Amino acid sequence: MSKPPEDFLSVLNARSQDIFRKIVERYLDTGSPVGSRDLSRMLQTGLSPASVRNVMADLEDLGLIAAPHTSAGRAPTQEGLRFFVDAMLEVGSVNESERSQIAKQIEGQHRGQVEDVLTEASQLLSGLSQGAGVVIATKADMVLRHIEFVRLDSTRAMAIMVGQDGQVENRIMDIPPGLTASALTQAGNYLAHHVVGRTIAEARKVLAEQRAEQRAELDELTQKLVDAGIATLSQPSATSQPTVIVRGRANLLNDAMASDDLLRMRQLFDELESKEGLLDLLGDAEKAQGVRIFIGSENKLFSLSGSSVILSPYKDANDKVVGVLGVIGPTRLNYARIVPVVDYTANVITAMMARKR
């Protein structure tokens, strides 16, 4: 288990912190380890390479840096990166140009469906980070704008449900033998009267509470169809699994090809597509306060690829967390720049979701 940042801070003096910071910054900038001679030139204190090596040995003993392969230089370990991010990272702010770009591209989708907005956000984050932009969204309970029944044959009908956001769901249902066209229309009108403007969950509750009223209003066959319609509403949606949108995969695959991690990166994309572990990630987001950073093996979904992931939750009009968005990239991501970009993008999405109410 990693030590908390304060434990490392208590044993690192100013010189050790300065050298460690330089090692991490060089790694984040170039992806390469750095040796004592180069570090000596980078420092303002005039330390000799021998003195720098002594400090590096202490940092290595603490598990903060290591020599990759047979390199003479040192690079931060996963634990070292975690310590740097938690205790030493100086997060910048989103500059005015990027704010304008984010707002313009996302708000340009304000008349589109929610998924169009999220796809644009994923593409945008990929472009700004040179990593992969990712959005993982729950399927919100549809607010119904329209519902009707269409007969398919003598024993089956299709329930067509249209949400206020334009989402359409079609569900096949059995109908009572001998049902007339007028009864089919009456049942559809009855359901529409009670469910339009409500979520599917709210509609089920209202209809269940009005069973006595239904019996007084509807004949027996129509009542059976309404019951079948209620049962249809109760079925889990075929699209209830989280939506996953990934843009900029090529950025990661190109980086992986340079580091022989191509297979692991492909496995990561396969896991994202299969949606394994996504509900856990969304659950973590609901508890999170703002941006979360996972490095390497800290999150089981991304551990295989050894990636770093920066994620921020976004909310719907009811202030409920309904998804996360962010960036997947190598562990040498530019955290100081990408963290505020992800946070700002999540805020823009949240504001837009509130206006779509």
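Two strands are taken as paired where DSSP finds at least two bridges between them, and the legends below use that meaning for a predicted model.

**View 1. An open sheet of five strands with antiparallel pairing.** The strands of this sheet follow the order E7-E3-E10-E9-E8. Strand E7, residues 243-247, and strand E8, residues 292-295, form the edges, each of them pairing on one side only. From one strand to the next, the twist averages 20°.

View 2. Ile-295 has Ser-308 of E9 as its bridge partner.

**View 3. Helix H7 packed on the sheet.** Helix H7, made up of residues 114-129, touches strand E3 (132-137), E7, E9 and strand E10 (321-329), and the direction of the helix makes about 35° with that of E7.

**View 4. The packing of helix H6 with helix H16.** Two packed helices are described by the angle between their axes and the distance between the axes. For helix H6 (residues 96-107) and helix H16 (residues 335-355), the angle is about 35° and the axes lie 10 Å apart, and H6 passes H16 in a right-handed crossing.

**View 5. Residues in the contact of H6 with H16.** From H6, the contact is made by Glu-98, Arg-99, Ile-102, Ile-106 and Glu-107, while H16 contributes Arg-337, Val-341, Tyr-344, Thr-345, Val-348, Ile-349, Met-352 and Arg-355. Seven of the residues in this contact are nonpolar, one is polar and five are charged.

How values were computed: Residues numbered from 1 in each chain as written. Predicted model: local features only at pLDDT ≥ 70, side-chain atom pairs only at ≥ 80, totals over all residues. Heavy atoms only, no water. Helix = DSSP H or I, 4+ residues; strand = E, 2+ residues; numbered from the N terminus. Axes fitted to C-alpha atoms, helices over the stretch in contact; angles between N-to-C directions. Contact = heavy atoms within 4.5 Å. Left-handed = near helix turned anticlockwise from the far one by under 90°. Nonpolar A, V, L, I, M, F, W, Y, C, P; charged D, E, K, R; others polar.
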